[in-house]
Amino acid sequence: MAAVDPGQLSHRLDLEMRDDASDGQGGIVAGFALVTSLWARIEPVSVTHEEQADAAVFTVTHRISIRFRADLQAGMRFCKGARVFTIQAFHDPDETRRYLVCRCTEEGR
């Protein structure tokens, strides 16, 4: 991958982490809590589609570049309005701790 151009970090995203809560009956209600808002570059990489319960479901894989953060974890997610990008993996492309490139998936119907 080429060097990350900071001028291309033009999408404002919310970074969220998992924050489950008790449902009061011994179960868990899955939820997310806002960590921060940040600038990112979103690049679509691939798309697949399948049928689930008689509905077409597509999954788009994206490469999302952000400034380096030490607290990022797989399973966190980025949100842009109603769009949700789940972080599957990430890496520091040149090992300088300046940027992270995240492999994310987005599902839609």
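## Hairpin, barrel and core

β6 and β7 form a hairpin with 2 residues between them, and Gly81 in the turn has a positive phi of about 65 degrees. This is a predicted model, where local features need pLDDT of at least 70 and side-chain atom pairs count only at pLDDT 80 or more, while totals for chains, interfaces and linings use all residues. Residues are numbered from 1 along each chain as its sequence is written, and side-chain values use heavy atoms, with hydrogens and water left out.

**Exercise 1. Count the helices and strands in the protein.**

Step 1: Helices (H or I, at least four residues) and strands (E, at least two) are DSSP runs, numbered from the N terminus.
Step 2: Count. The protein has 0 helices and 8 strands.
Step 3: Read along the sequence. The pattern is β-β-β-β-β-β-β-β.

**Exercise 2. Work out how β7 pairs with β6 and with β8.**

Step 1: Recall the rule. Two strands pair if DSSP finds at least two bridges between them. Strands of a sheet pair through backbone hydrogen bonds, either parallel or antiparallel.
Step 2: Take β6 (residues 77-80) and β7 (residues 83-91). They pair in the antiparallel sense over 4 bridges. Lys80 has Arg83 of β7 as its bridge partner.
Step 3: Turn to β8 (residues 99-108). It pairs with β7, again antiparallel, over 5 bridges. Here Ile87 stands opposite Cys104 in β8.

**Exercise 3. Trace the strand order of the closed barrel.**

Step 1: Follow the 6 strands. The order is β1-β4-β5-β8-β7-β6, with antiparallel pairing.
Step 2: Check one pairing. β1 and β4 share 8 bridges in the antiparallel sense. Leu15 has Thr36 of β4 as its bridge partner.

**Exercise 4. Describe the largest nonpolar core.**

Step 1: Define it. A nonpolar core is a set of buried Ala, Val, Leu, Ile, Met, Phe, Trp, Tyr and Cys residues joined through side-chain atoms within 4.5 Å. Buried means under 20% relative accessible area, exposed over 50%, partly exposed in between (1.4 Å probe, protein chains only).
Step 2: Give its size. The largest core has 15 residues; Leu13, Ile64, Ile66, Leu72, Phe78 and Ile87 have the most contacts inside it.
Step 3: Name the sources. β1 (11-18), β4 (32-52), β5 (55-67), β7 and β8 each supply at least two residues of this core.
Step 4: Look around Leu72. Contact means heavy atoms within 4.5 Å. Neighbours within four places in sequence aside, Leu72 touches Leu15, Ile66, Ile87, Phe90, Leu100 and Cys102.
Step 5: Widen the view. Of the protein's 109 residues, 29% count as buried.

**Exercise 5. Decide whether Glu95 is buried or exposed, then do likewise for Arg97.**

Step 1: Locate both. Glu95 lies in the loop between β7 and β8.
Step 2: Check phi. Glu95 is not a glycine, yet its phi is positive, about 60 degrees. Arg97, also a residue other than glycine, has a positive phi near 60 degrees.
Step 3: Read the areas. Glu95 has a relative accessible area of 66%, so it is exposed. Arg97 has 56%, so it is exposed.
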